[in-house]
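Trainee: I would like to learn how to read sheets, helix contacts and backbone features in a model. Please take me through one example.

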Amino acid sequence: MHRTDRSRRRLLQAALAAPAALALPALAQSFPARPIRLICPWPAGGSTDAVMRSLAESAGKTLGGQVIVDNKPGASGMLGPNELVSAKPDGYTLSQLTIGIARLPHMQKMQFDPLKDFTYIACLTGYTFGLVVRADSPVKTVQELVDWCKANPGKFTFGSPGNGTTPHLAVEEFAFKAGIKMQHVPFKGVAEGMQALLGGHIMSHSDSTGWASHVDAGTMRLLATYGSKRTRRWPNVPTLHELGYETLADSPFGIGGPKGMDPAVTRRLHDGFRKTLEDPAVLATFEKYDQSVIYMSSADYEKFIRDQYVKEKEIIEKLGLAMKA
């Protein structure tokens with residue numbers, strides 16, 4: 001009798017567990033049941049906005065639903081990650097995650113902990129950065145920039161898309177290694193920075209390739225890019241690396257959601273965004289803004305951020321930009 005009772009209990013437990021076991025794939029199969037909001041934490045009209053819209057359109061087709069881009073510019077691209085902290089972990093609120101999430105917590109108090117507060121879905125691509133001046137600038141090369149700054153300490157201004165962004169810190173690291181002082185002017189995005197540079201309010205701007213059309217039109221001069229290799233689009237423009245100033249260069253970004261997302265939904269979103277990297281329209285947008293495919297799975301992306309968090313701490317402390325205790 002005792003064995004019979006135990007057998008019945010096991011059958012009952014198995015019966016109760018069966019719906020739960022089936023729930024994960026069933027939930028994933030029905031997802032998405034409504035539009036997904038994808039936060040682009042940069043202004044409309046910039047290079048990131050264009051890339052995010054291309055990814056959203058492509059992912060929506062694969063997922064069988066609509067992915068709507070919502071621009072939330074400001075705070076060095078952190079307004080999207082900030083929203084994820086309080087969003088429901090149902091897969092309907094996502095955001096672009098830049099390398100800044102691993103860096104800015106070392107510079108200032110943040111609303112999130114990158115090691116605890118996000119679900120990392122997939123890394124997809126990364127930026128090409130460069131430093132531009134107006135075409136009529138007396139500075140024509142990086143060496144001339146160094147010479148000018150040494151003769152006029154702290155007077156050469158450069159814009160960036162915000163404090164703690166890679167375009168900001170790459171120039172800070174360059175200036176540190178060159179032994180010069182430059183004055184930083186933060187903006188919300190590349191479009192705002194371009195207006196300031198063309199208007200003569202700043203002397204240079206460091207950013208992703210939203211400046212490309214101005215360089216190609218001859219209204220701006222590209223002094224250097226920051227990658228380890230020269231770009232295919234501007235093969236005659238040197239990198240800071242080859243000029244002897246090894247700086248922050250790689251800046252992959254991807255898609256994330258709130259912590260605690262259902263693994264089946266995360267997997268479905270991952271597969272949907274992974275498929276975008278085979279879409280000719282997406283790849284053409286990458287090409288337009290000199291971005292390459294930098295794919296990482298959910299697990300690899302999370303590990304990358306954890307490792308980068310440690311590296312960024314060392315860089316920030318070296319530059320003297322660490323948050324004061």
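This is a predicted model: local features need pLDDT of at least 70, side-chain atom pairs count only at pLDDT 80 or more; totals for chains, interfaces and linings use all residues.

Trainee: How do I read a sheet, and what is the order of the six strands that form an open sheet?
Mentor: Helices (H or I, at least four residues) and strands (E, at least two) are DSSP runs, numbered from the N terminus. Two strands pair if DSSP finds at least two bridges between them. Here the order is β2-β1-β3-β10-β4-β11, and the pairing is mixed. At the edges stand β2 and β11 (292-296), each with a single partner strand, so one side of each is left without a neighbour in the sheet. From one strand to the next the twist averages 25°; such angles run from 0 to 180 degrees between N-to-C directions, and axes are lines fitted to C-alpha atoms, for helices over the stretch in contact.

Trainee: In which sense do β1 and β2 pair, and over how many bridges?
Mentor: The sense is parallel, over five bridges. Contact here means heavy atoms within 4.5 Å.

Trainee: Which residues does Asn71 touch?
Mentor: Asn71 lies in strand β2. Leaving out residues up to four places away in sequence, Asn71 touches Cys40, Trp42, Pro43, Ala44, Asp49 and Arg53. Asn71 and Arg53 are 18 residues apart in sequence, and 10 Å apart in space from C-alpha to C-alpha.

Trainee: What is the strand order in the open sheet of five strands?
Mentor: The order is β7-β6-β8-β5-β9, again with mixed pairing. The edge strands, each pairing on one side only, are β7 and β9 (220-225). Neighbouring strands are turned by 30° against each other on average, direction ignored. Helix α7 (residues 190-198) lies across β5, β8 and β9, and runs at about 160° to β8.

Trainee: How many bridges join β6 to β7, and what does the chain pass through between them?
Mentor: Four bridges join β6 (residues 157-160) to β7 (residues 183-186), and these strands run parallel. Between them the chain goes through helix α6 (residues 166-178), and this β-α-β crossover is right-handed. A crossover is called right-handed if, with the strands pointing away from the viewer, the path from the first strand over the helix to the second runs clockwise. Within the pairing, Gly159 has Val185 of β7 as its bridge partner, and Thr157 is opposite Gln183 in β7.

Trainee: How are two packed helices described?
Mentor: The description uses the angle between their axes and the distance between the axes. For α2 (residues 47-63) and α9 (residues 263-276), the axes come within 8 Å and cross at roughly 125°. That makes α2 oblique to α9: angles under 35 degrees count as roughly parallel, over 145 as roughly antiparallel, 65 to 115 as roughly perpendicular and the rest as oblique. For α2 and α10 (residues 280-288), the axes come within 9 Å and cross at roughly 170°. That makes α2 roughly antiparallel to α10.

Trainee: Which residues meet where α2 contacts α10?
Mentor: Ala50, Val51, Ser54, Leu55 and Ser58 in α2 meet Ala281, Val282, Thr285 and Phe286 in α10. By class there are six nonpolar, three polar and no charged residues; Ala, Val, Leu, Ile, Met, Phe, Trp, Tyr, Cys and Pro count as nonpolar, Asp, Glu, Lys and Arg as charged, and the others, Gly among them, as polar.

Trainee: What should I look for in the backbone?
Mentor: Most residues other than glycine have a negative phi, and most peptide bonds are trans. Ala75 is not a glycine, yet has a positive phi of about 55°; Ala75 sits in the loop between β2 (67-71) and α3 (79-86). The peptide bond from Phe31 to Pro32 is cis, with omega near 5°, and Pro32 is in the loop between α1 (2-30) and β1 (36-40).

Terms used: Residues are numbered from 1 along each chain as its sequence is written. Side-chain values use heavy atoms; hydrogens and water are left out.
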